[in-house]
Amino acid sequence: MKASTHLDTLTDFFDRYGVALTAGDVPAIAGCYSLPGLVVADTYSFSFTSAAAVALSFVGAAPDYQERELVAANAQFEDVQQISALLTEVAVRWEFLDSQGRAVPGERYRYVLRSTEDGPAICTVIRTA
């Protein structure tokens with residue numbers, strides 16, 4: 001096994017993650033994470049050691065996606081770097097589609113993905129400018 005920098009693999013992973021985000025499928029979101037995991041932003045950081053903790057951190061996001069009527073998410077890769085044998089850093093700019101078919105700009109994140117037997121899994125998320 002080695003770190004995945006193959007764009008098809010990363011696209012498949014982020015497509016699955018984006019569907020889970022916009023559908024509010026918290027168990028599927030949690031399934032995209034490697035444990036333990038870390039989320040880092042300008043004013044806070046938190047770690048999680050269980051799928052339940054990952055799920056709890058996303059419970060509040062689902063109503064926001066629904067309120068904004070976001071129906072699809074597309075990850076635009078800005079940079080992909082293999083940082084070790086099993087870790088890949090991916091800079092992503094999210095773009096969403098609302099129920100009226102309008103593009104809705106999203107945020108930028110850097111994800112550190114760990115290659116596992118089941119494919120990539122997020123181990124660190126950093127919100128970027």
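## Helix α1

Let's start with helix α1, which covers residues 7-23. Its 17 residues reach 24 Å from the first C-alpha to the last, close to the 24 Å expected at 1.5 Å a residue. Keep in mind that this is a predicted model.

Which residues of α1 are buried? They are Leu 10, Phe 13, Phe 14, Tyr 17, Gly 18, Ala 20, Leu 21 and Thr 22. After the helix comes Gly 24, and its phi is positive, near 70°.

## Tyr 17 and Tyr 33

Searching the whole structure turns up 14 aromatic pairs. One of them joins Tyr 17 and Tyr 33: the ring centres are 6.0 Å apart and the planes sit at 65°, so this pair counts as edge-to-face.

Where do the two partners lie? Tyr 17 belongs to helix α1 and Tyr 33 to strand β1 (residues 33-40), so their pairing ties together parts that are 16 residues apart in sequence.

## Tyr 17 and Tyr 111

Tyr 17 also pairs with Tyr 111. Here the ring centres are 6.2 Å apart with the planes at 85°, so this pair is edge-to-face too.

This pair links distant parts of the chain, with Tyr 17 in helix α1 and Tyr 111 in strand β5 (residues 103-116), 94 residues apart.

Definitions and conventions: Residues numbered from 1 in each chain as written. Predicted model: local features only at pLDDT ≥ 70, side-chain atom pairs only at ≥ 80, totals over all residues. Heavy atoms only, no water. Helix = DSSP H or I, 4+ residues; strand = E, 2+ residues; numbered from the N terminus. Expected span 1.5 Å × (residues − 1). Buried < 20%, exposed > 50% of the residue type's maximum accessible area, 1.4 Å probe, protein only. Phe/Tyr/Trp six-rings, centres within 6.5 Å; stacked < 30°, edge-to-face > 60°.
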